[in-house]
Amino acid sequence: MLGRERIEYKTPEQVLLMRRAGLVVADALEAVRRAVRPGVTTAALDEVAAEVIRSAGAVPSFLGYHGYPKTLCTSVGAEVVHGIPGDRVLVAGDVLSVDCGAVVEGWHGDAAFSVLVGDPEHHDPADTALVETTRRAMWAGVAALARGLSQGQRLGVVGDAVEGLVEDAAAAGGAPLAVVDGYVGHGIGTAMHQAPEVLNHRSRSRGPKLRPGLCVAVEPMLARGTADTDVLEDGWTVVTTDGGRAAHWEHTIALGERGAWVLTAEDGGAAELGALGVQVAPLA
């Protein structure tokens, strides 16, 4: 269990190295986003990300991780996470989640986004709501981290914020969405997955106290239907048991003496967090 392992707190200098990895991930995901369209294979998207990472002198985090064969995870439709890029051809209306990690001088960055493929006229409004609610849930969790640091709170504020946002979206008239069971965010640094676990739901276990030097990946996964999942025969691809479509968003965040910084966002999260009333801290 990640929660029983010792947390690796980072120095400001180490956070700056993680920022370099985070920017490589941001560039790779932006290149992939521009390449998404009907008729493209998920393998082609994988090569786009691989080229960006190689050109930056970085190394993919995922490639070879416990035998994983690709640079990206590309999950389509009912696939929640860990979908393996291949010959699948994207079609208009697909929900696509793309997860990417990179290593620079031994330090990791990790982020993900979800998008609907093709022109909006082909999009199911329920899928649009799924993707947008998952995105907002991620930023709610990030904002809770930033606020919680200054208030002396614990890591459990992330799960409170994510689940609360999902509930509020349903109360405002949206279709109920499920927080996918059994998959969580994580600490990150000299390894891609470290302690502590970052829950996407409320829990009596509040986790460690928020303090400078903590670096975590916040990554809610929501589904249109059940929270239950299975793993396909490839040993990697996680799917909803009822076939409901899913979405996944993720960013890597560092907590410092003066606040929080989103290492995998070009602007450090300033625009999104500012809209939520949170100011990002200077990184150095």
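I began with His82, which counts as partly exposed at 26% relative accessibility (buried is under 20% relative accessible area, exposed is over 50%, and partly exposed is in between, with a 1.4 Å probe and protein chains only). I note that this is a predicted model, in which local features need pLDDT of at least 70 and side-chain atom pairs count only at pLDDT 80 or more, while totals for chains, interfaces and linings use all residues. Residues are numbered from 1 along each chain as its sequence is written, and side-chain values use heavy atoms, with hydrogens and water left out.

His82 sits in the loop between strand S3 (79–81) and S4 (helices are DSSP runs of H or I with at least four residues, strands are runs of E with at least two, and both are numbered from the N terminus). I found a positive phi for His82, near 65 degrees, although the residue is not a glycine. His66 also has a positive phi, of about 50 degrees; I place His66 in the loop between S1 and S2, where it counts as exposed at 66% relative accessibility. Most residues other than glycine have a negative phi.

I then turned to His193, in the loop between strand S7 (185–187) and S8, and noted that it is partly exposed at 33%. His193 and Ala217 are 24 residues apart in sequence, and I read 8.9 Å between their C-alpha atoms. In strand S8 (residues 194–198) I came upon Pro196, and the peptide bond from Ala195 to Pro196 is cis, with omega near 5 degrees.

**Entry: rings**

How many aromatic pairs does a search of the whole structure find? I noted 2 (ring centres of Phe, Tyr and Trp, taking the six-membered ring of Trp, lie within 6.5 Å; planes under 30 degrees apart are stacked, over 60 edge-to-face, the rest tilted). One of them joins Tyr68 and Trp236 edge-to-face, at 5.0 Å centre to centre with 80 degrees between the planes. Tyr68 lies in the loop between S1 (59–60) and S2 (72–76) and Trp236 in the loop between S11 (229–231) and S12 (238–240), so the pair ties together parts 168 residues apart in sequence. I also noted that Tyr68 is buried, at 3%.

The charged end of Arg33 sits over the ring of Phe113, 4.2 Å from its centre (NZ of Lys or CZ of Arg within 6 Å of the ring centre and within 35 degrees of the ring normal). Arg211 lies over the face of Tyr9, at 3.6 Å from the ring centre.

**Entry: helix H2**

I listed its buried residues as Thr42, Leu45, Asp46, Ala49, Ala50 and Ile53. Seen down the axis of H2, they fall within an arc of 140 degrees, so they line one face of the helix (the arc is that of directions from the axis to the C-beta atoms). After H2 comes Gly57, with a positive phi near 75 degrees.

**Entry: cores**

Leu45, Leu96 and Val218 touch the most other members of the largest nonpolar core, which has 65 residues (buried Ala, Val, Leu, Ile, Met, Phe, Trp, Tyr and Cys joined through side-chain atoms within 4.5 Å). Helix H3 (residues 125–151) gives the most to this core, with 12 residues.
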